[in-house]
Amino acid sequence: HSPRYSPDGTRIALDIVRSEGRDVWVYSRDGSERTRATRTGDGHDPVWSSDGRSLYYLAGGDSAIAMFSSRLGSTQAPQRIAPGLGVAYTGQPIAGTGEY
């Protein structure tokens, strides 16, 4: 879900749902390498930093989601960037009903 190419085009970040939860993984474009970038069990919707060294992603549950930044290849813990973002549906209204 939500695949994103790295700024240099050599890697793809995406979130994958598995039995142990949903996390962000990074694959080399040719498929020869893969790295699990998050271990929260609910990491999703990755976005690359402009230099390609970090990923931003969402994690959380219920009605609040936090945004995190994780430095790839580092032992540094992910940093919470924006805590408690409210969840809102951003889809399209159902034609003719005024409902979402």
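I began at Tyr5, which stands opposite Ile12 in S2. The model I am reading is predicted, with local features requiring pLDDT of at least 70 and side-chain atom pairs counting only at pLDDT 80 or more, while totals for chains, interfaces and linings use all residues. I number residues from 1 along each chain as its sequence is written, and side-chain values use heavy atoms, with hydrogens and water left out.

**Entry on the sheet**

I looked up how S1 is placed and found that S1 and strand S2 (residues 11-18) pair in the antiparallel sense over two bridges, where pairing requires that DSSP finds at least two bridges between two strands. I then followed the order of the open sheet, which has four strands running S1-S2-S3-S4 with antiparallel pairing. Its edge strands are S1 (4-5) and S4 (34-36), each of which pairs on one side only.

**Entry on Ser6**

Is Ser6 buried or exposed? I note Ser6 as buried because its relative accessibility is 4%, the cut-offs being under 20% relative accessible area for buried, over 50% for exposed and partly exposed in between, with a 1.4 Å probe and protein chains only. The side chain of Ser6 makes a polar contact of 2.6 Å with that of Asp8; such a contact is a pair of N or O atoms within 3.5 Å, and within protein one must be able to donate a hydrogen and the other to accept it, while residues adjacent in sequence count only if both atoms are side-chain atoms. Leaving aside neighbours within four places in sequence, I found Ser6 in contact with Arg11 and Trp48, contact meaning heavy atoms within 4.5 Å.

**Entry on Val47**

I located Val47 in strand S5 (residues 44-48), and I record Val47 as partly exposed because its relative accessibility is 42%.

**Entry on the whole protein**

I checked the overall make-up and found zero helices and eight strands, helices (H or I, at least four residues) and strands (E, at least two) being DSSP runs numbered from the N terminus. Buried residues make up 32% of the 100 residues in the protein. Among the contacts with a separation of 6 or more, 18% come from residues 24 or more positions apart.
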